[in-house]
Amino acid sequence: MDFKPSPERQILFDTLKKYFENEYSLSDRNIAAHSDLGYSKKAWEAMRDLGILESLIDPELDGFGGTALDISTVFEALGRGLVVEPFLEVGILAAKVLSKGSDYHKSLVKKILENDCLPILAHSETDTEYTKSFVETMLSKAADGSYKVSGTKRMVKHAAEATHFLVTCRDNGDAFSEEGISIACIPADRDGIKLDSFATIDGGRVSDLTFTNVTVSSEELIGDIGKSYSIVSQAIDTGILAICSEALGIMERIKELTLEYLKTRKQFGVPIGKFQAIQHRMAQLLVEIEQARSSVINATIYFDDETEREKTISAAKFSIGKIGTLVAEESIQMHGGMGMTWEYDLGHYAKRLVLIDHEFGDEDFHLQKYISL
Amino acid sequence: MDLDFTKEQKNFQNEVRSFLHETLEPQVVEKVKNGIPITKEDSERWHEKLNEKGWLAGTWPKQYGGQDWDVVEKFIFEEECGSAGAPRIVPFGVGMLAPVLMKFGSQEQKDYWLPRMLTNEDWWCQGYSEPGSGSDLASLKTSAVREGDYYIVNGQKTWTTFAQHANMIFCLVRTSNEGKPQEGISFILIDMNSPGIEVRPIITLDGSHEVNEIFFSDVKVPANNLVGEENKGWTYAKYLLTHERTGNANVAVSKRKIQKLKKLADDAKKNEKPLSHDPMFASRLAQIEIDLQNLEITNLRTLASVEGGEAPGAESSIIKILGSEIEQDIDNLTRKSLGKRAFVNEPDALSAGYNGSEVLPKAAAYASGKYFNHRKKSIYAGSNEIQKNIISKLMLNL
């Protein structure tokens with residue numbers, strides 16, 4: 001039995017950790033994360049040069065990683081750095097979907113690595129419906145053999161800069177059916193696409209997208225028509241593993257920040273960490289964070305196991321949702337007024353940690369899903 | 001990352017499994033699986049069979065009749081016993097005192113006491129807590145004063161598990177009032193049949209008799225029953241506590257209890273449907289299952305680090321907190337799942353000689369009793385608050 005990461009992955013993690021500590025300042029990150037673009041192109045390019053994207057992508061598509069363990073390792077490091085650049089959206093969601101398509105689609109993955117292309121998955125349609133198969137956007141056939149896509153996609157992160165949208169749509173079945181789902185890879189400048197863009201609480205911008213009779217050729221469809229649910233489902237499961245790992249990195253960083261604060265902040269003449277009321281809250285957090293880590297390890301172990309994957313993923317997302325919110329709230333409380341300020345790092349980590357529960361299904365959704373499996 | 005057992009470890013697992021299958025007595029297993037206390041005789045018969053196989057003290061070195069099990073073999077053995085519904089090995093002798101004797105005892109003490117633990121000749125109990133010294137154990141007052149070849153012991157111990165069965169007790173006693181409280185404590189072995197010892201039962205809120213208080217009035221103890229050096233007992237006690245806490249996640253037991261609970265919930269009805277389909281119940285159960293699944297990995301991670309050569313530290317405090325709370329959660333939900341039947345308290349319903357009305361489901365015989373009895377789990381072996389103190393000190397450096 002051995003839970004240690006392989007030496008290669010440990011080196012990768014340590015390298016990234018060091019890079020973020022030295023080169024990715026949180027104050028610069030915050031300026032970029034809350035700018036009109038929502039991230040820093042300079043930081044994105046610097047990190048691309050570091051090979052982060054390659055580590056998320058299979059060797060057959062010119063990457064050098066892409067396994068569950070690679071993804072988990074990298075995203076824990078990204079979490080520590082509170083990286084806002086679109087690694088999840090491009091390196092995981094879009095790359096996973098495109099890798100199941102034609103040679104043309106696969107070539108887009110290679111273009112991602114060359115920084116020539118920024119495809120974004122546009123899937124979610126309502127704010128509170130987390131079921132992966134929920135799609136109402138319509139795909140209809142036109143007289144000339146091409147297709148038309150019409151519908152609304154909501155809360156699509158980093159959409160404004162996208163070069164392509166990977167749009168889930170259906171030509172048959174009811175809104176929740178796994179049958180009938182297709183994915184259209186549509187250049188972002190095509191006619192009929194409208195963007196409404198918003199700032200976010202945790203950094204990066206999101207958009208609601210409206211597609212009105214957008215023309216799509218049959219070559220632009222990824223996978224067989226009406227049979228693409230499993231592609232988007234697996235991409236989202238990978239995304240869940242990634243953001244659960246990101247949450248772990250955030251929690252570890254919050255733990256460090258809070259411990260440092262408890263040892264330096266003095267009241268009544270002693271560091272506040274000397275008070276048992278504080279010690280027990282902090283010890284409880286440590287216990288919970290260890291459980292959160294175990295849930296992610298469990299999901300990683302079973303990630304390639306078709307029968308266990310969804311159940312362990314839901315258990316992990318539930319654990320991360322529940323524990324993440326606790327860690328965020330408790331760490332702010334233990335920091336007192338300092339935890340409430342924009343200037344101090346903690347609040348920014350806490351915001352991202354809480355909002356991770358709103359992505360790909362919250363703790364309640366995944367608990368119900370766990371029960372149903 | 002590699003989570004598989006080695007081939008040898010798998011073989012050992014199979015060997016344990018088939019041994020348990022052949023050897024366990026069905027009526028004892030039924031008691032264990034329904035959470036009903038077993039008798040002293042049940043325990044002794046089980047110890048005897050384990051000893052014949054050489055597994056009563058598997059972690060002991062071979063020279064003392066053990067198997068030199070490492071942490072993983074110990075884990076495999078305990079997990080298999082847990083899922084099979086085997087009685088728990090009474091830990092005070094083989095699990096707690098023995099490591100202390102092996103490390104700090106004289107050759108004479110090792111040669112005399114260790115073999116007797118394996119043959120049921122001695123039933124040990126643990127004399128630590130006192131009325132005024134619980135979490136603050138070092139404040140203990142029971143005194144031992146050297147007079148010639150004897151110590152004269154006066155004082156009181158409490159919460160002593162199975163003192164009613166025991167013929168021997170290992171005690172922490174005060175031999176000095178100089179310096180820090182920890183520096184005047186000694187570790188001594190006392191014959192429970194000595195004149196001046198009185199054992200009084202403490203009946204716990206569920207009506208059961210597990211713990212006792214013990215009064216010592218001018219009890220004469222041979223001086224060669226002192227373990228190690230005088231006034232070094234605190235060191236030995238701490239050493240013992242790390243053994244007490246290591247690897248006590250009880251994951252297999254909790255898993256078995258969850259399976260039992262699921263069966264109860266399938267058979268019970270609410271709104272004309274099985275209770276297991278009730279959303280509130282299902283949600284409570286699923287949360288416990290996920291917590292337990294996470295604990296299983298947390299426990300294995302601790303085990304792997306010990307196997308990899310790291311010393312078990314405050315990680316065992318994490319395991320103790322989680323293991324106790326999860327087991328309490330299961331007992332809580334089991335009680336709830338029985339509805340009105342949870343009023344019943346017939347802990348003898350599965351014992352030979354019981355002639356009352358049959359209790360159905362059988363688990364109802366002692367479910368509420370068990371729930372109340374198991375409140376002890378977050379209190380004993382260092383309360384969960386003490387565990388958090390340990391985590392703050394050793395892991396968080398606060």
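## Model and confidence

The pLDDT is the predictor's confidence in each residue, on a scale from 0 to 100. For chain B the mean pLDDT is 93, and 98% of the residues of this chain reach 70 or more. The structure is a predicted model. For the complex, the predictor gives an ipTM of 0.89 and a pTM of 0.92.

## Domains of chain A

Chain A is divided into domain 1 (7-113), domain 2 (119-228) and domain 3 (230-372). The centres of domain 1 and domain 3 of chain A, taken over C-alpha atoms, are separated by 21 Å. In the contact of these domains, 19 residues of domain 1 of chain A meet 25 residues of domain 3 of chain A.

On the domain 1 side of this contact in chain A, the elements that give two or more residues are helix 2 (26-33), helix 5 (68-81) and helix 6 (87-98). Helix 5 of chain A provides the largest share of that side, ten residues. By class, the domain 1 side in chain A has twelve nonpolar, three polar and four charged residues.

## Domains of chain B

Chain B is divided into domain 1 (7-89), domain 2 (123-241) and domain 3 (246-395). Between the C-alpha centres of domain 1 and domain 3 of chain B there are 20 Å. Their contact takes 16 residues from domain 1 of chain B and 19 residues from domain 3 of chain B.

Helix 2 (26-33) and helix 4 (71-84) of chain B each supply at least two residues to the side of domain 1 that touches domain 3. Helix 4 of chain B gives the most to that side, with seven residues. The classes on this side of domain 1 of chain B are five nonpolar, five polar and six charged residues.

## Where the chains meet

Between the two chains, 31 residues of chain A are in contact with 31 residues of chain B. On the chain A side, helix 8 (229-264), helix 9 (276-301), helix 10 (309-335) and helix 12 (363-372) are the elements that give two or more residues. Helix 9 of chain A gives the most to this side, with 14 residues. The residues of the chain A side divide into 17 nonpolar, nine polar and five charged.

## Helix 9 of chain A with helix 12 of chain B

Two packed helices are described by the angle between their axes and the distance between the axes. The axes of helix 9 of chain A and helix 12 (residues 384-395) of chain B come within 9 Å and cross at roughly 85°. Angles from 65 to 115 degrees count as roughly perpendicular, and these two helices are therefore roughly perpendicular to each other.

Helix 9 of chain A makes this contact through Gln279(A), His280(A), Met282(A), Ala283(A), Gln284(A) and Leu286(A). Helix 12 of chain B contributes Glu385(B), Lys388(B), Asn389(B), Ile391(B), Ser392(B) and Met395(B). The residues of this contact divide into five nonpolar, five polar and two charged.

## Helix 12 of chain A with helix 9 of chain B

The axes of helix 12 of chain A and helix 9 (residues 279-307) of chain B come within 10 Å and cross at roughly 90°.

From helix 12 of chain A, the contact is made by Leu367(A), Tyr370(A) and Ile371(A). From helix 9 of chain B, the residues are Ala282(B), Ser283(B), Ala286(B), Gln287(B) and Ile290(B). By class, this contact has six nonpolar, two polar and no charged residues.

Terms used. Residues numbered from 1 in each chain as written. Chains lettered and ligands numbered in written order. Predicted model: local features only at pLDDT ≥ 70, side-chain atom pairs only at ≥ 80, totals over all residues. Domains from an automatic or database assignment. Contact = placed C-beta atoms within 7 Å. Helix = DSSP H or I, 4+ residues; strand = E, 2+ residues; numbered from the N terminus. Nonpolar A, V, L, I, M, F, W, Y, C, P; charged D, E, K, R; others polar. Axes fitted to C-alpha atoms, helices over the stretch in contact; angles between N-to-C directions. Parallel < 35°, antiparallel > 145°, perpendicular 65-115°, else oblique.
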